[in-house]
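Open the model in your viewer and keep the selection tool at hand.

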Amino acid sequence: TLMLNLRNKRVVVFAEGCFGPVTSKVATSYLRYRHSECVAVVDSRCAGKDVGEVLGYGHGIPVLDSLESALQFDPDIFLIGVGLFSNALP
């Protein structure tokens, strides 16, 4: 089996349209325990805020409007932090 090692990787978390403690459980769980590797969260609704403002933890991580904006942080991994109900990313 393939094991993806997220340690020491620069991660962008995708939570477009629903970043919050109840609405993006995968994203918030990852940020609770591995926030030190996260360089940005993508959610255009919360763009301009800090993760800590939204969740109460993960301070210092910016919430951005798009993946293109997150590329400035030179990410290694794009983590989908929301449940998708289709095979298309918004």
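Start with C18: its sulfur lies 9.4 Å from the closest cysteine sulfur, the one in C46, which is too far for a bond. A disulfide here means a pair of cysteine sulfur atoms within 2.5 Å, and a search of the whole structure finds zero of them. C18 is also buried, at 17% relative accessible area; buried means under 20%, exposed over 50%, and partly exposed in between (1.4 Å probe, protein chains only).

A word on what you are viewing: this is a predicted model, in which local features need pLDDT of at least 70 and side-chain atom pairs count only at pLDDT 80 or more, while totals for chains, interfaces and linings use all residues. Residues are numbered from 1 along each chain as its sequence is written, and side-chain values use heavy atoms, with hydrogens and water left out.

Next, select strand 1, residues 11-14. Strands (E, at least two residues) and helices (H or I, at least four) are DSSP runs, numbered from the N terminus. In a regular strand, side chains alternate between the two faces of the sheet. Here V11 and V13 point one way, V12 and F14 the other, and all are buried.

Strand 2 (residues 38-42) runs parallel to strand 1 and is joined to it by four bridges; two strands pair if DSSP finds at least two bridges between them. Strand 4 (residues 77-80) is also parallel to strand 1, again with four bridges. Which residues flank V11? It stands opposite C38 in strand 2, and its bridge partner in strand 4 is I77. C38 counts as buried, at 7% relative accessibility.

For the salt bridges, show side chains: the structure holds two, each a side-chain nitrogen of Lys or Arg within 4 Å of a carboxyl oxygen of Asp or Glu.

- Select E37 and R34: their closest N and O atoms are 3.0 Å apart. E37 is buried at 13% relative accessible area, whereas R34 is partly exposed at 24%.
- Select D43 and R45: here the closest N and O atoms are 3.3 Å apart. D43 is buried, with a relative accessible area of 0%.

Finish on I80, in strand 4, which is partly exposed at 35% relative accessible area.
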